[in-house]
Every structure is written in C-alpha cells, then in structure tokens.
Amino acid sequence: MMTKQTLKHLLLSTAFVAAVASPAAAQVVEPQAEAGDPVADAKIAIDEDKPELQPVSANDVVVTGTRIIRPNNRSAAPIVTTTSADIAAQGALTIEEVLNRLPQVQANGEQNFADSEGRQRVKLRNLGFERTLTLVDGLRLGIQNGQDVSIIPTALVERIDVLSGGASSVYGSDAISGVINYILKKNFDGISLSANYSFYNHDNRANAVTEAAGRAFFPAQTGMANDGGRIDASLAAGKTLFDGALNITGFVNYRASEQVNLADRSSAACEVTQPTRDGPLTCTRSTYTTTGTILPQGGPSAGRAFVNNPDGSGTFVNYNSGPGTAANPFDGLGFQRKFNRLNAGGFVTLKLADALELYSTTLWYRDRSQNPLPNRVFSFTAYGGTPFQVNCNNPFLSAAQAQSLCGAQAGTAVTIPIDVRYRFDGLPSVQNKFENTGVRVTGGVRGALFDNVWRYDLSGVYARNKGTTIFPAFPDFDRVSRSLNVVSVGGVPTCAARVSGVDAACVPFNAFIPNNNDATLNNYLFTNVDGTQTIIPTLWQGVASITGDLGKYGVTSPLAEQGIAIAIGGEYRAEKFVSTADALFRQTNGGTDQRYTQNVKEANVEIQVPLVEHKPWTDLLQVNGGYRVSKYNRLESTFDTYKVEGLWAPVADVTFRGSFNKAQRAPTVIEAVQASDINYTTIGSRNDPCATIPDPQNPGRTLGPTATLAQCQATGLPANLYGSATLSCPDQSCTIRNGGFGLTPETAFTKTFGVIVRPRFLPGLTVSVDRFLIDLNDSIGYRPAADFINGCLATLSDYYCRGIVRNPGTFTLSSPTGSNPTAGYIAQGTTNGFKSKSHGWDFQGQYLLGLGAIGRLDVSFNGTLTTLAGGQGAPELPPTNCVGYYGPFCGESLPKWKHQLRTTWQTADRIANISLNWRHVGPMTLSYNATDPSLGIPVTAADRRNTYGGIKAYNYFDLSAAIDVAKQLSLRLSVNNLFDKDPPLIPDSRNLLGLLRNNTLFGYDLLGRQLVAGATMRF
C-alpha cells in the first residue's frame, strides 16, 4: 500500500531525474579501459564497441600488481574488477558500499557506525585495514594511519581492481592481504552531469526486539517507514586541445544523507541483551531519564534510586518500575549518520612528445557528519567524587519528596548530598561532530624512449588529511550545583547564589518534576564544548620506474614471440602523523600532543619471461619475478620481499596460473613510535598474583596468592618469595609500562594458484577458479597488560611471561609513576604477535550470450569460499579457525561462502538494459556454540546458547534498469534489497563484537529496501 510519504519520495525522485534530464548534445571521452585479468577483460569487452572506452594504446595493457606495461599483459594473481557500470546499477553513495558487496571484502560501514569519526577504510579478507594497501591509479592513497577513501567520489571511478594475495615486492609494505586499486575517469572532452537520489522504504515489523522494548516500556517504531534520503550529484568537464596533446579535466561532487536513528527501525528499538542462554531478551536501560532520576547520597533514603513520578503528582517512584522510569540510552544514535561531503579536483595531461608527457591529478574533499547525543545533566561521578547538594526547603520539592529525601529535616535549610541524572528530550540534542578534510596531489613525467623499447615514469604524491572531532558539551558542575540550591523569594523560586550575589545569572533547576524542558536553564548549564581533537596524517611519496622490452635487443626465448621485459624502480616515502587537542579536551580526557615521523627508502626490480608462445603443444608458458629491498629509518636493518609467478596455457582455452609472495608490513609510523618509546608508566588495576595481601572484606585477615607456585616461578619469582607480603604493590595496584618493544616487520607468505577457462566452443564464457593461502607471522598488534599476565599464568610461556619484569633483589612489580623503569612493571603496548591466516577459494565467471534481434545476455559471477580465518595467539595455544563463526574469540569473522550473481539483459541496439543481482551470504554460528574442538575456539558447554545461536543464510536481490536516450542522456532506476529483508538479530552485539549497538553486524543490509533514481547527461 502506497503511503503519502512513499508518494512524496517517489515524486521527489521523479522531479530530481527530470531536473537533470534536459537535452544535451556533446560527447564525453572516458578514460582508457585497462585490463589484465581474463574475467576483467570480459567485463570491459561488453563496451568494446563504444568509442569512448578505447585504451590510450590499442596494444598496451596496464595491470594492477605489476609495473611492467606491455602488449597482451596478463595477471598471474587473481583480480576482481568492479566497473563503473556495476557502481551505477547499485546507486552507491560511498566507496565502501560498493566494496562491501564483494565476497573478498570484510564488510564495514563507517557512516553507519555511531562511534566512528567517519573516515572510510576497506579491509580484505579477515586481516584488518592496516594490511590492505589502497592505491589510486597505482599510487598510494595516503599513510595507513590516516587514509580515507571518502576522497574518491563514486561517480569518478572507472573501475576498482581488487588483487588478492601479497604484492609488497611491487608496491611496498602493507600489501599483505592484497591491493585495492581505484582507477579514476580522466581525459573528458565535454561536460557530464550525473546524479542519484535514493531513500529507504522499509516495513518495520514486530519482532523479538519490539517485544523486549514493550517489556521495558520503550516505544518501538512499527509500520512502513520512508526515510534516509540520500543525494549524489557530480559535474565533470574537460577539454582536449592542440590536436589531443593537452587535456584539462575538472570535477565537483556533492553527497549527503539524512539521519536515520536506531529507534527508527523496529530491529533496533533498543539494544537487546540475553542475560541467560535461553531466556528472553532484555533492553539496555539508562538512569538518565526524561522524568529525572534522583539518587540520594545521604538522609533517610540514601542508596535508593528514585524517579520523579511520570504522572506529575510530585512523588517519587522506584527507578525502572514502570513507563517513563527508565530510558533507552541509544535511541537517538544514527543507524545512518547525517553527513554531507564535497569532493573536487582535476586532471591535466600534456604530451609534448612520445618521450615527454606531463600529468597531474588533484583530489580534495571535505566530509562533515555528526552523532546526536542526549542532552543531559550528568551524574556528579562524571566530574569526581563530590555529590550535588539540595536544600531541604527547596520550593521545587513537594512535601512528599522533601520527606523522602530529608526526613525530619524537611522544610529546613539543611542540605543533603544527592545525585541528579536528567535527560532533556524536548530540547535540541547535543552533537558529536566530525569533520574530515584532505587533499591529494600527484604529478609526474613519463614517456617512451629508443623506439618505444624503454618507458620511464617519475611520479610524486602529496597527501594530507585532517580529522577534527568536536566533543559535545558537559554541563558546568558548579552551575548545576548552584541551580539545585533554590530558595523562595516572594514566592518565586530563586537560586541562593543569586540572592547572595555569587552568581546573578543563575537559573533555578526544578529537577523534581518530569519532562523539564526549560531552555533558559539548559543555556545556563551548558557553557562550552567539551573539546576538540585533531589528527593530521601526511604522506610524501616519490616513485621512479623504468620498464623495458628486451626483445627489441634479441633477448627473447627461441620459443616465444615476446621478449623478456623488466622494470626497475626506486621509491621514497616520508610519513608524518600529528595529534593535537585543545585545553578543554585535555582537561576532560588527559593525554598529550603527539608528533610521529618515519621515512622509507626502497628499490625494486621485476621481470617477465615468456618462455613459450603459440606452439601446438603450449600456447603460453611464462614466469615472472620481483624483488624489493626496504629501509625504514625506525627499523635497525633492511628487509626484503619477493614474488615468483607462473602462467601456463597448454591450449588457448585453458590457462593455469600461480604466484608465491613474501609480503611484509613494516610498523606504521604510530606503531613504530609506540613500540620503541617508553611513553609513560601508569598504575594498574590489579595486584601481584603471587603476593599475600590484606583481605578488604575482613580487616585483620589476609588472602594468599591467586596463582600457583609454578605460575609465579614462570613470572620470574624465586620459590622462597612465593606468598610474601612484601610483593604487594602500593594500593594493591602494580605498575604498567607502556611501550619499550623492539618491533620487526610482520611477514606473510601468500600463495595463489588457479585456472582460467575460455572455451572456444562456447564463445563469451570465461571462468576462473583460484586458491589463496595467506599465512602471516609475527603479526603487529596492541597487547594490554592483562594479556601478558593472564597469558603467562595460563601458558607459562616466555612469549607472555616476557611482559612481566620484576625488580632485581625485591622481585616486586612496582615503579614510580611517570618514570621509565627498566624493571618492576607489567608491560603493555604494540608488539609482534604470533600468527594469522586466511585461506580460501575465489570463483569468477562471465558469460556473454548473443540473442540476435532480442539483444544479449551477460551473466557474471563472483564468489568466495573461505576455508580458514584465524590464527594462533602464542606457540602454546591451539590454532583457531573462525570461518563461519562470530562472537567472542572470533569477532566479526567471515561466512564460509559468499557470492554475487548478476544477470543483465541488454537490447540489441544497446539502448536499454535490465539487471538482476543475487547476493548470497552464508550462514554463521555464534562462537559460544562451536562444538568442534579442532577449531580451537575456547568455549565450554556452559557458554552455549539455546536461542540466537547463529545467523541463517541470507539472500538479497537487487533490480535495476537503465535507458540511454540518444547517447546523451542515461536514466537509471534501482531497487536494492528488493524483498526488504531485515538484518539478522544478534543480542549482545556490542559486547560480542565490540562494534554496533543496533543488534546486528556489518555485511547485511541494515536499513531495508532502497529505491534509487539516477540520471547522467553528456554534452
């Protein structure tokens, strides 16, 4: 049934398309259609008859994963390509939305993550952001600690290549799990205007969450919702001059989305938990209520938790005893955050001769987003240990309330300590604001020398981002205190501070009625923002490479047509990360400003050797190799990476390919500093487990060690001191030392091997199957002190026990605060871990079938079977495999199977097409319910859940249609999540996964059915 709101959105969509769909009469020259993977070749071949998609050179192919440029280049590693047509059919607003659909990508959603600062990053497999190298046109996007793919507008992306496996020998550090290379559209000749408008059309159905919300007396959204409007508009213009020698292209892009709150979806009506393994769900509740929560700290009701009676009768009722007596703490947080983003930039190429071409690219962006947070008077505990005070003759207190708080002293000027927690929902919410800005400038010179035998490319990158987080205001503690001390002056409630002249501006706070929405009071209490924190990551990169075809000199295998090709290169990178904050932030959050720097020098060489070509017994036999040596100024020595690859096609229809890479990731600039420098020592929260300590519950008695003698000896304690009272740390809190680790690069040995089939008896069919094996050793990560001490006691392994360093002679674990001790502490910080692994199979296929007069059919498939996702925390611990599991010990993990299957029908004249995409996400099981001991997931039968123990398989269907009008105007309509499937319900999702408060996880459509309308004009 169509509601008025649905009709409104549809009319807006139609008007939007009409607005941009004015007649046009010029052509856009799209950038070169680069290729290199057979399936990618097939995708680009769809548009082979379009003149605007011809490569710059008809014979030379640029391949992600190698710097060698030559005719008929092929990739020996699997590459998944997403084209601009795929992006347009989806109607995606952000790059991460495009990539989240790929089976090779572990889904993420920074604009759907309330605690994120809004930067968008992408992670391949299950190995994290920091092990995925992000490139734009083959050059680094930025430094790993600060890059943001928000700088890339979706409308300007020609294609996205995802290379599986290591590529450090070609691109340097960080390419452990693979490379994502964004190829941008350039060299326009004309003007292109493109725009999309979308919104969500979702049926909020009753479910277990709405039932839990009902039991908690929280409202739950039900019925049809039409919300989350999003717009994406781009203008690109370019001009080619001097017979094609010069092209200047510029673009501007605007993207924005409306806020969708958690409470706007019935599946997130409240954050649900499951207190018992088979019991009903309960909602997380907050003591910050709109009716006002009063917690007496003294007087006859000390220790009670009261709420002002929601009926306004001037009485107290118990907290969480009925409607209005508790609050939903997360209802206003964003399922989809409100944001707006501006992107702008340009491209310039000037070809003076074959030997000299100048080029430059500039990208700029500004992204602003925000999280609305409840407008609250905070508990006194947020400021320290001094309670608020209320006078017992406060005119806002009813007789019953005064009696409850003050007893016999009711009506007197005596004050009693209380805690007040009040939420002002009737007033504007406070905002946690985020602004990310950045600029990336590349420039270089390239050309061909000596009859096109040698090609050189000298390029540079400058990338600088700035992330600013503005924290919401805290009410001023002194003003809250003064506003609660109220007396009657001529029958008018007046602050005592105003009467005494201490604060003439004081506004009295009636905290003893429900739903107080006094804006004047609010303005008085909130005097400033809590503070601003800023990070500025900066990258300078210089790359020099020269490639040559030695076949021109006769260096060719006698059985091959092409000669040996080589590439030699050098690279320099300077990285800087600066973190600063203003005084208000430091006052509340502490910390100090930081400035980290690092520089890198590298040299590399690649070689391609065709051994056999086009012989009756072998169509192709080729081997490739690569080697890189790297020197980081923060590491003691150099390290090297390499690759060995092979291609063998016994016949033209079948090609076998394989690669072996030694890939390494050096510490990021932050990791390197944090690991090597002893930042500071702090007081921990636990005592020495080998000490005898006083019993806090029974004065005069003692408690013995919590660890065994063998465990204590593993920590370096002599047997004769076991249980000694002298080991007890001051205040029973031992010292924690941050940093002091000597990091080494983590190393991955990645292997891929597979087969590509292009049968000549079935033209248009391309199928590839590839196995990937990523084995990471010495993984770099942060370990808290608890990991070292708990791991040492559990395993007795030096791997963990090295983090417990006792003082010589006394064998205690305490040192002066703020010192740089050499002994007497428990360590924590960034260090080398043990092992992580990611294994699986990638399947790709495409079939182009001509249907004669009724058009043609294009079927493309991309699927991944993950067979291992896990690792080994220490030598003594069992290896884990979390494929198909999520939750404790596994995190988000990955399903065993995930795929996309897109079927597109196109008319014979290529004017119109209809496309159906099937997305499948395999089932997953809660890690508590793992029963196979070989998985190494340390759970017991007591952990097992009888309900909500897993996620069923999910199937999504997306339908899109497009039509070209006179090759000048394209219109698009899409429906994503056609059948409006709800995301899976995961109780305790924040505690289980540490990410979301919306009862689910990334990788699923969170907001329901999405309707998209788009148009592109060319003139």
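A: A word on terms before the residues: buried means under 20% relative accessible area, exposed means over 50%, and partly exposed is what falls in between. Bear in mind too that this is a predicted model.

Take Lys351 to begin with: its relative accessible area is 41%, so it lands in the partly exposed class. Its salt-bridge partner is Asp354, with N and O 3.5 Å apart. Asp354 has 57% relative accessibility, so that one counts as exposed.

Now for a pair with another setting. Lys643 and Glu606 form a salt bridge too, and their closest N and O atoms are 3.0 Å apart. Lys643 sits in strand S33 (residues 639-651) and Glu606 in strand S31 (residues 594-615), so this bridge ties together parts 37 residues apart in sequence. Both Lys643 and Glu606 are buried. There's also a network built from salt bridges with shared partners: Arg140, Asp174, Glu571, Arg573, Glu575, Glu602 and Arg628 are joined in it.

How many salt bridges turn up in the whole structure? The search finds 42. One of them pairs Glu271 with Arg990, at 2.6 Å between the closest N and O atoms. Glu271 is in the loop between strand S13 (260-261) and S14, while Arg990 is in helix H16 (residues 989-993), so parts 719 residues apart in sequence get tied together. Glu271 comes out at 5% relative accessibility and so counts as buried. Arg990, at 28%, is partly exposed.

At the start of H6, a side-chain oxygen of Asn207 comes to within 2.9 Å of the backbone nitrogen of Val209. Just past the helix, Phe217 has a positive phi of about 65°.

On to the covalent links. Seven disulfides are found across the whole structure. One of them joins Cys392 to Cys406, with the sulfur atoms 2.1 Å apart. The torsion about its S-S bond is -95°, and the link is left-handed. It connects distant parts of the chain: Cys392 is in the loop between strand S23 (388-391) and helix H7 (399-406), and Cys406 is in helix H7, 14 residues apart. Cys392 and Cys406 are each buried.

Cys690 and Cys712 make another disulfide, S to S 2.1 Å. The torsion about their S-S bond is about -110°, so this link is left-handed. Here, too, distant parts of the chain are joined, with Cys690 in the loop between strand S35 (681-683) and strand S36 (693-694) and Cys712 in helix H13 (residues 709-714), 22 residues apart. Both of these cysteines, Cys690 and Cys712, are buried.

The sulfurs of Cys792 and Cys801 are 2.0 Å apart, and both residues are buried.

Note on methods. Residues are numbered from 1 along each chain as its sequence is written. This is a predicted model: local features need pLDDT of at least 70, side-chain atom pairs count only at pLDDT 80 or more; totals for chains, interfaces and linings use all residues. Side-chain values use heavy atoms; hydrogens and water are left out. A disulfide is a pair of cysteine sulfur atoms within 2.5 Å. Helices (H or I, at least four residues) and strands (E, at least two) are DSSP runs, numbered from the N terminus. Buried means under 20% relative accessible area, exposed over 50%, partly exposed in between (1.4 Å probe, protein chains only). A polar contact is a pair of N or O atoms within 3.5 Å; within protein, one must be able to donate a hydrogen and the other to accept it, and residues adjacent in sequence count only if both atoms are side-chain atoms. A salt bridge is a side-chain nitrogen of Lys or Arg within 4 Å of a carboxyl oxygen of Asp or Glu.
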